[in-house]
Amino acid sequence: MSKANSLRIVAQPNCGNAPRHEITRRLAVALATGDEAELEDHLARTAEGTLDGYTTRSGLTAITDYSAQAATPTELRVLSIITHGREASIDGETVTADGKVTNFCHVLRYANTTKTAPITAIRTYRAAQVT
């Protein structure tokens, strides 16, 4: 079983009229689980990533390597997904097996407005909740 298959995803259904809504959700799952194949499906080879608000990674390989190093959560809670034109964002929470909750936000830029356009830039912010 892949890490993505063992992840519980909590999200509200959407209207189905925004094709990038599902792609954005799938990208968040891939980043949370280090799913290289899914990241390759959605990120441009030359994608630029500013991860955790300050770490810059250039290229698909650097972003997938960084994502693979993260602790794999057992649950991903989607709070909102917003898409418009070439841009999208998703925010939510991840929960690890030991109950640690981390808030996240991914801000994405697609190459163009077509449904199949790859993501060329990603900014990710994370903040662990203090209990």
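Thr 102 is buried, with a relative accessible area of 15%. Buried here means under 20% relative accessible area, exposed means over 50%, and partly exposed is in between, with a 1.4 Å probe and protein chains only. Thr 102 sits in strand β6. Helices (H or I, at least four residues) and strands (E, at least two) are DSSP runs, numbered from the N terminus.

A word on the source. This is a predicted model, where local features need pLDDT of at least 70 and side-chain atom pairs count only at pLDDT 80 or more, while totals for chains, interfaces and linings use all residues. Residues are numbered from 1 along each chain as its sequence is written, and side-chain values use heavy atoms, with hydrogens and water left out.

Back to Thr 102. What does Thr 102 touch, not counting residues up to four places away in sequence? The list is Gly 92, Glu 93, Thr 94, Arg 126, Ala 127, Ala 128 and Gln 129. Contact means heavy atoms within 4.5 Å.

Now the sheet. It is open, with seven strands in the order β1-β4-β5-β6-β7-β2-β3, and the pairing is mixed. β1 (8-10) and β3 (55-58) are at the edges; each has a single partner strand, so one side of each has no neighbour in the sheet. From one strand to the next, the twist averages 20 degrees. Axes are lines fitted to C-alpha atoms, for helices over the stretch in contact, and angles run from 0 to 180 degrees between N-to-C directions. Two strands pair if DSSP finds at least two bridges between them. Strands of a sheet pair through backbone hydrogen bonds, either parallel or antiparallel.

Take β6 and its partners. Strand β5 (residues 87-95) pairs with strand β6 (residues 101-110) in the antiparallel sense, over nine bridges. Gly 92 has Phe 104 in β6 as its bridge partner. For Ser 89, the bridge partner in β6 is Val 107. The hairpin of β5 and β6 has five residues between the strands, and there Gly 99 takes a positive phi near 90 degrees. β6 also pairs with β7, antiparallel, over nine bridges. Tyr 110 stands opposite Ile 119 in β7.

Tyr 110 has a charge over its ring. Arg 20 lies over the face of Tyr 110, 3.9 Å from the ring centre. The rule: NZ of Lys or CZ of Arg within 6 Å of the ring centre and within 35 degrees of the ring normal.

Next, the helices. Helix α1 (residues 19-33) lies across β1, β2 (43-51), β4 (75-84), β5, β6 and β7 (119-128), and runs at about 140 degrees to β4. Helix α3 (residues 60-68) packs on the sheet and touches β2, β3 and β7, with its direction at about 50 degrees to that of β2. Thr 64 belongs to helix α3. Thr 64 is buried at 7% relative accessibility. Leaving out residues up to four places away in sequence, Thr 64 touches Glu 36 and Leu 39. Thr 64 and Glu 40 are 24 residues apart in sequence, and 8.3 Å apart in space, C-alpha to C-alpha.

Last topic: salt bridges. Side chains of opposite charge can pair when their charged atoms come close. The criterion is a side-chain nitrogen of Lys or Arg within 4 Å of a carboxyl oxygen of Asp or Glu. That gives six salt bridges.

One of them joins Arg 25 and Glu 22, with the closest N and O atoms 2.5 Å apart. Arg 25 and Glu 22 are three residues apart in helix α1, so about one helical turn separates them. Arg 25 is buried at 18% relative accessibility. Glu 22 is partly exposed at 35% relative accessible area.

Arg 77 and Glu 93 form another, at 2.9 Å, N to O. Arg 77 is in strand β4 and Glu 93 in strand β5, 16 residues apart, and the pair links distant parts of the chain. Arg 77 is partly exposed at 29% relative accessibility. Glu 93 is buried at 15%. A network of salt bridges links Arg 8, Glu 75, Arg 77 and Glu 93.

Then Glu 87 and Arg 109, at 2.6 Å, N to O.
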